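Let us read a structure together, one feature at a time. Keep the picture open as we go.

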Amino acid sequence: MKVDIKEIPFSRFGSYFCVSQEKDSDSIYIRDVHGGDDAPSNLFQVDIMKDGVEKDFEVRASEISLSFYLKGTSVAVAEIILSEEDQLHIEVQDVELRLRATKGKYDSLMEIEDGMFEYHIYPKELKLMVINLTGDLSVEAPWNIIGNDFIDMRLKNGHFVLESYRTVYQKKEYLTFSQGKAQVEQLYGEWFNTMKRGYTQTHYLPSIERASYITWSSVVHPDGGLKDYAMYMSKLWMYNIWSWDNCFNALNLGEHYPELAYAQLKIFMDNQDPSGAYPDFVNDKFISYNCIKPPVFAYAYEQLMEKNDYFKDEQRLRAVYESTKKVMTYFDRYRTYSGKLPHYKHGNDSGWDNATLFHEGMVVEAPDLASFLIRTYDILSSFAEILGEKEESKGFKAKADSMFALLLERLYDDDGFYGRVGKNADKITIRSSLILRLPVIIGYRLDKEIMDRLVADLEANFETRYGLATESVSSSYYQENGYWLGPIWAPVTYLFIHSLKTYGYEKTANRLRDKFLDLTLIGGMAENFDPHTGKGLVDTSFTWTSSVFLVLLEDNLRGD
């Protein structure tokens, strides 16, 4: 596959290194995503020089390597591979590849021995060893008391390595460039063949190639606060592992990579706050509890148990069960006022940051949150049965029953579901967001009349050429590229499709599934999509979109 590094960073499984091209300036940077998306990621701007003159060049990337060509030529003059997770290898011939550091005040480069320069990247708490294996390496980096004024390195006619580490560099034997390239090709080939799911036609092959590469290349290895491999949402802009997102990625991984799928859940279980809340996101350096998403772990785990017996292991099931119980305690103790339903304190809590449900203020009692909690109580009841916790099973069933009755009492009327806002719990007048239709996830509890009305509403007011818009297309609040005010989102699409299929609306579910699969051929694996044109919006290299595509593709291949 041809990888456009303006849209999808060049990287590999396990690596924090990536290479991308800025859309505005066309500058190309070797980057590092340690520290999450609030940390600077650009390490070096890359240029090509010949005879001391900066030359125009173009980049051609695949899943395996990234090559540089002088404009108008057909022979590569430089190539980058990531043969190991912490190693970036560069091979150069007939030109100079110039690396200009995008350094900060205290960043410093020092020569350790001939052909070896250690670069301390102060704000990232990271070190790089720049090693000349076979070529010519020249460095200009004038020292100025606390760091270098600038760092300019020229690589020519040979093989060079950039290796990252936190504390101590360990000397080793490096693979040759061709050996490293072959190794990456083999690793990615194994991943791609698994993600392909036996698909043999050509129609969705471009999306399969894109989704496979994004999911593979967005994984980082254990480091710092990350104790296991984590699939970041992206290495373009949103390089953290977010709660919710991790569950949809796990669903894609569960059948063939169960250990990696379980790791995506365990990262959050291991960082669960004493209150019971999961972090909003985690990276190697930072954990944020600023926003608390609705519980979807049990919902995802129930499906993972259907995909692979690995997840039926009693110890793993028990860990998810006990952790989810703490989550429910958090919502019961800290997000529920007497006589009311659990509430959101910010739109970002819901994941639907700027949805119209939140335009009238906070706090918000929301039917989607109540539905996720009801669904989770019901699943916990079934897990408790499996684990032999008979009394707890009854208790969870009773909690689900009670909350379901309160949901219909407080947030449902003849016009459908709605929200309540503020200390007085006033009815929210705006009802045009798709989020108010998410009670379909508890369709097994809703009267058929209510479900029929919800489905008819979806088809009449939200379904577009490419799927479900997040704000009614006839709403005055609808915005083009409005984030949650119209664009289509993959995880929400999955929730509706899975629920509709499960509760008897298979025709509608399959139609929405096929629309989403077709959408990816136009908009790629973007964070969200224009519901009318299919254009990919915001971050164009997103894993939960890729994961949902691959899961829905599998559903399509089964002929369900």
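Predicted model: local features only at pLDDT ≥ 70, side-chain atom pairs only at ≥ 80, totals over all residues.

Q: Which way do α6 and α8 cross, left-handed or right-handed?

A: The crossing of α6 and α8 is left-handed.

Q: Which residues of α6 and α8 meet?

A: Look for side chains between the two helices. From α6 come L317, Y321, T324, K325, M328 and F331. From α8 come L369, L373, T376, Y377, L380, F383, A384 and I386. Next, sort them by class. This contact has 11 nonpolar, two polar and one charged residues.

Q: At what angle do helix α2 and helix α13 pack?

A: Find α2 at residues 205–217 and α13 at residues 543–558. They pack at an angle of about 130°, with axes 9 Å apart. Because of that angle, α2 is oblique to α13.

Q: In which hand does α2 pass α13, left or right?

A: α2 passes α13 in a left-handed crossing.

Q: Which residues of α2 and α13 meet?

A: On the α2 side they are S207, I208, A211, I214 and T215. On the α13 side they are T543, S546, S547, F549, L550 and L553. The residues of this contact divide into six nonpolar, five polar and no charged.

Q: How does helix α12 pack with α13?

A: Helix α12 covers residues 506–523. It packs with α13 at an angle of about 130°, and the axes are 10 Å apart. The two are therefore oblique to each other. The crossing of α12 and α13 is left-handed.

Q: Which residues of α12 and α13 meet?

A: N510, R513, D514, F516, L517 and T520 sit on the α12 side. T545, V548, F549, L552, L553, D555 and N556 sit on the α13 side. Now go back to α13. F549 and L553 are among the residues that meet α2, and F549 and L553 are also among those that meet α12.

Q: How many disulfides does the structure hold?

A: First, the general idea. A disulfide is a covalent bond between the sulfur atoms of two cysteines. This structure holds zero disulfides. Take C291 as a case. C291 is in no disulfide, and the nearest cysteine sulfur, that of C247, is 17 Å away. The cut-off for a disulfide is 2.5 Å between the sulfur atoms.

Q: Is C291 buried or exposed? And C18, buried or exposed?

A: Under 20% counts as buried. C291 has 7%, so C291 is buried. C18 has a relative accessible area of 1%, so C18 is buried.

Q: Where is D457, and is D457 buried or exposed?

A: D457 is in helix α10 (residues 448–461). Its relative accessible area is 17%, so D457 is buried. Leaving out residues up to four places away in sequence, D457 touches R437 and F462.

Q: Which peptide bond is cis?

A: Look at omega. The bond from M362 to V363 is cis, with omega near 0°. V363 lies in the loop between α7 (347–350) and β20 (364–365).

Q: Where is Q479, and what does Q479 touch?

A: Q479 lies in the loop between β26 (467–468) and α11 (490–502). At 41% relative accessibility, Q479 is partly exposed. Not counting residues up to four places away in sequence, Q479 touches L485, G486 and P487. Now look across the model. The C-alpha atoms of Q479 and W143 are separated by 52 Å. These two are 336 residues apart along the chain.

Methods:
Residues numbered from 1 in each chain as written. Heavy atoms only, no water. Axes fitted to C-alpha atoms, helices over the stretch in contact; angles between N-to-C directions. Helix = DSSP H or I, 4+ residues; strand = E, 2+ residues; numbered from the N terminus. Parallel < 35°, antiparallel > 145°, perpendicular 65-115°, else oblique. Left-handed = near helix turned anticlockwise from the far one by under 90°. Contact = heavy atoms within 4.5 Å. Nonpolar A, V, L, I, M, F, W, Y, C, P; charged D, E, K, R; others polar. Buried < 20%, exposed > 50% of the residue type's maximum accessible area, 1.4 Å probe, protein only.
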